[in-house]
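Please read the following report alongside the sequence and the three-dimensional view, and keep the confidence of the prediction in mind throughout.

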Amino acid sequence: VDAVRVYVNSSSENLQYPVLFVVRQQKGVLSWQVPLIFRGLYQRTYNYQEVSRTLCPSEPTPETGPSDQIIFVDVSSMAPFNVAYELLVTRLENFQLETNKAFNFTASPSQPQYFLYKFPQDVDSVIIKVVSDAVYPCSVVSVQDIVCPVYDLDHNVEFNGVYQSMTKQAAITVQRKDFPGEQFFVVFVIKPEDYACGGSVPSSIHGNVNRTWNLQRMKNLQVTIVPSIKKSVYVQAMFFSFLSFLSFYLGSVVVAFVHYISTDMKLTVPFGSVSIAGSGIMTSSHPITASTPEGSSYGAIDESGSSGGHQLSSPERGPPAGSDTDSSVEEESDFDTMPEIESDKNVIRTKVFLYLSDLSRKDRRIVSKKYKIYFWNIITIAVFYALPVIQLVITYQTVVNVTGNQDICYYNFMCAHPLGVLSAFNNILSNVGHMLLGFLFLLIVLRRDILHRRAMEMKDVYTLDYGIPKHFGLFYAMGIALMMEGVLSACYHVCPNYSNFQFDTSFMYMIAGLCMLKLYQTRHPDINASAYSAYASFAVVICLAVLGVVFGKNDMWFWVIFSMIHVLASLALSTQIYYMGRFKIGKCSDLGIFRRAAMVLYTDCIQQCSRPMYMDRMVLLIVGNLVNWSFAIFGLVYRPRDFASYILGIFICNLLLYLAFYIIMKLRSSEKLLPIPLFCIVATAVVWAAALYFFFQTLSSWEETPAESREKNRQCILLGFFDDHDIWHFLSAAALFFSFLVLLTLDDDLDAVRRDKIPVF
């Protein structure tokens with residue numbers, strides 16, 4: 001294909017009488033003026049006296065064959081005086097780009113360039129890679145169909161085809177099916193200003209409007225067109241994704257089979273020492289009593305007080321196992337189920353040394369139903385949250401496909417493999433691990449739940465006080481949350497940008513919160529937060545995240561208010577944890593509220609400053625408050641733009657702190673870590689470390705402009721299909737799964753220990 005380029009130059013700078021150039025061809029007309037005027041921000045104007053344009057080529061048809069092309073160039077001006085100009089018409093030698101061959105050229109705002117590319121016979125998809133050594137001037141890369149005229153100026157380049165802004169790097173994936181003629185134009189336009197690429201913004205609308213910019217915004221570019229991956233790579237990537245996580249299913253089946261064999265052998269032992277590890281229930285050969293064992297110390301409370309507590313709880317045991325049916329008596333409520341012993345409850349929960357038997361006195365059926373509400377509520381939340389999100393991201397993807405504006409979504413364009421209407425299928429496929437492992441965790445929890453129920457039906461263990469109380473509602477909720485994290489992360493990666501990043505983090509907040517609640521519930525089953533309170537708190541956090549996205553960039557007032565809320569919430573939660581929910585300072589209308597608060601402060605903080613009543617809890621809460629106050633100060637000083645990740649960091653740090661405290665206190669209390677939870681802890685640490693390594697390999701950033709974000713784009717590193725962030729998805733799914741297994745199995749060593757010997761911390 002022959003192409004002709006027209007170069008014109010005029011020494012006249014008179015904007016009132018420009019020189020007009022009109023080029024007439026067989027199938028079109030192209031016109032421009034000299035000086036050529038570009039408009040920027042604040043209506044600033046930039047004048048160019050040198051203009052060079054490529055004429056739209058006409059390919060000879062089989063009917064006519066090669067023939068000469070007739071081109072008319074009309075030059076005119078309304079100037080009342082003579083105007084000198086220069087006109088040069090040249091034939092382009094390298095108009096057609098070749099596959100896997102780099103081509104270097106130069107462009108400027110008044111001298112755009114475009115080239116032709118034809119698909120080879122065996123190539124269905126190609127990637128156009130453009131690089132430059134200089135960041136500025138800002139440029140635009142566009143892919144347009146073979147249609148005249150070609151839109152190759154700053155004010156019209158967005159009218160047709162697919163385009164993206166560029167500083168040092170750009171990449172556009174083009175598929176043969178999108179171009180019936182199996183060929184397209186690659187257009188390169190240099191913008192008159194750099195603000196679209198993150199450059200400096202003009203300070204005012206004033207300036208030298210007659211200034212000539214001919215030689216100051218030239219940019220050297222290199223374009224290379226390489227074949228993209230074949231369809232077989234898509235199939236291999238999908239097989240790899242599913243088989244990798246189905247191997248977890250296989251491993252779980254093997255563990256379950258080994259456990260079944262070992263359990264079957266143990267069932268041959270006489271009843272006195274039957275062990276059912278999977279259900280977490282173990283009976284013992286020594287006599288079963290409800291009294292406190294000898295030698296137990298509750299500080300100021302004698303043994304009879306604790307014994308009385310067990311006796312009081314006996315009538316609440318209710319019917320035997322198997323009668324876990326719905327009843328108006330068993331419905332969940334926010335009030336305490338032990339109002340008749342309110343004074344006794346206040347005494348028990350404020351003892352210096354607490355044991356699990358003191359905080360597991362309520363009817364198990366009622367408490368179990370209370371925690372099942374977590375499961376049903378999170379399903380409702382997931383449906384109502386996910387459906388609008390899916391609708392929104394489909395709209396985003398549609399806008400990208402219709403307008404061709406690839407600056408809307410922040411992909412890793414060097415490794416973005418389209419499939420159907422999706423622009424980056426690999427980023428979506430890599431989230432399948434969250435869904436598969438979340439479902440597997442639900443199956444593991446269901447198995448434990450079923451075995452636990454069978455054990456209770458066989459041995460009538462409602463009268464037994466052994467091990468950690470088994471309530472699986474929170475575990476089911478965690479499994480659903482893990483699956484929804486995969487769904488919403490996939491939705492976010494349909495079109496990742498600043499506006500929808502909270503979709504990727506919302507259920508991460510819930511996962512971290514549910515894990516902390518489960519860890520606390522383990523040894524505080526009677527006083528843990530209700531599902532309604534917990535989800536209401538999560539709703540407040542998500543509202544703050546949305547406000548942070550809107551106002552958190554530069555508004556100081558938002559950070560002041562948020563930091564105050566953060567610090568006050570930390571103090572309020574610390575008070576409730578320290579006093580086991582028994583801290584009350586009276587009604588707001590009571591004038592003695594301040595006197596009561598001052599008395600508590602004096603008694604517990606000043607009078608006993610050398611030795612707090614609850615030393616372990618005090619150490620945890622002091623460290624926790626220092627961490628949270630540090631986060632509040634950091635946010636107030638630096639005001640990070642990524643507010644959603646900032647909140648997620650607060651949740652994760654608090655969860656890690658509490659988990660570390662729990663494990664330390666467990667070992668300090670001479671409890672054991674069995675092989676399975678120990679393996680899960682090690683696996684969690686190793687996989688999280690590997691996952692975070694890939695997480696911090698930043699491949700894009702919506703905190704910057706789209707052009708600046710593309711400077712971070714990298715090639716695929718796994719199977720030629722997945723990039724670093726995809727591997728983060730794979731590893732983080734496995735890490736979350738192992739983290740859940742840690743919480744599920746951490747206290748399996750206590751199944752044969754009486755609850756009045758299990759300390760609370």
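The report below turns from model confidence to sheets, cores, a helix and backbone details.

## Basis and confidence

This is a predicted model, in which local features need pLDDT of at least 70 and side-chain atom pairs count only at pLDDT 80 or more, while totals for chains, interfaces and linings use all residues. Residues are numbered from 1 along each chain as its sequence is written, and side-chain values use heavy atoms, with hydrogens and water left out.

The mean pLDDT (the predictor's confidence in each residue, from 0 to 100) is 79 for the protein, and 79% of its residues reach 70 or more.

## An open antiparallel sheet

Strands and helices are DSSP runs numbered from the N terminus, with at least two residues (E) for a strand and at least four (H or I) for a helix; two strands pair if DSSP finds at least two bridges between them. By these criteria, 4 strands form an open sheet in the order S9-S16-S11-S14, with antiparallel pairing. Strand S9 (103-107) and strand S14 (169-175) are at the edges with a single partner strand each, so one side of each has no neighbour in the sheet. Ignoring direction, neighbouring strands of this sheet are turned by 25° against each other on average, the axes being lines fitted to C-alpha atoms (for helices over the stretch in contact) and angles running from 0 to 180 degrees between N-to-C directions.

Within this sheet, S11 (residues 125-131) and S14 are joined antiparallel over 7 bridges, and Ser125 has Gln175 of S14 as its bridge partner.

## A hairpin and an enclosed strand

Strand S2 (residues 19-24) runs antiparallel to S3 and is joined to it by 6 bridges; the two form a hairpin with 4 residues between them, and Arg24 stands opposite Val29 in S3. In a regular strand the side chains alternate between the two faces of the sheet. In S3 (residues 29-34), Leu30, Trp32 and Val34 make up the covered face, whereas Val29, Ser31 and Gln33 make up the uncovered one.

Strand S13 (residues 162-166) is largely enclosed by the rest of the structure, because 4 of its 5 residues are buried (under 20% relative accessible area, with exposed over 50% and partly exposed in between, for a 1.4 Å probe and protein chains only). S12 (residues 139-144) pairs with S13 in the antiparallel sense over 5 bridges, and Val140 has Ser165 of S13 as its bridge partner.

## Cores and a helix

A nonpolar core is a set of buried Ala, Val, Leu, Ile, Met, Phe, Trp, Tyr and Cys residues joined through side-chain atoms within 4.5 Å. The largest has 109 residues, and Tyr374 and Leu514 have the most contacts inside it. Leaving aside neighbours within four places in sequence, Leu514 touches residues including Tyr374, Ile378, Leu474 and Phe538. A second, separate core of 22 residues includes Ile128, Ala170, Val186 and Phe188.

Helix H4 (residues 364-403) has 40 residues and reaches 59 Å from its first C-alpha to its last, close to the expected 58 Å, a span defined as 1.5 Å times one less than the number of residues. Just after H4, Gly404 takes a positive phi of about 75°.

## Backbone details in loops

The peptide bond from Tyr136 to Pro137 is cis, with omega near 10°, and Pro137 is in the loop between S11 and S12. A cis bond also links Cys148 to Pro149, with omega near 5°, and Pro149 lies in the loop between S12 and S13.

Conventions: Contact = heavy atoms within 4.5 Å.
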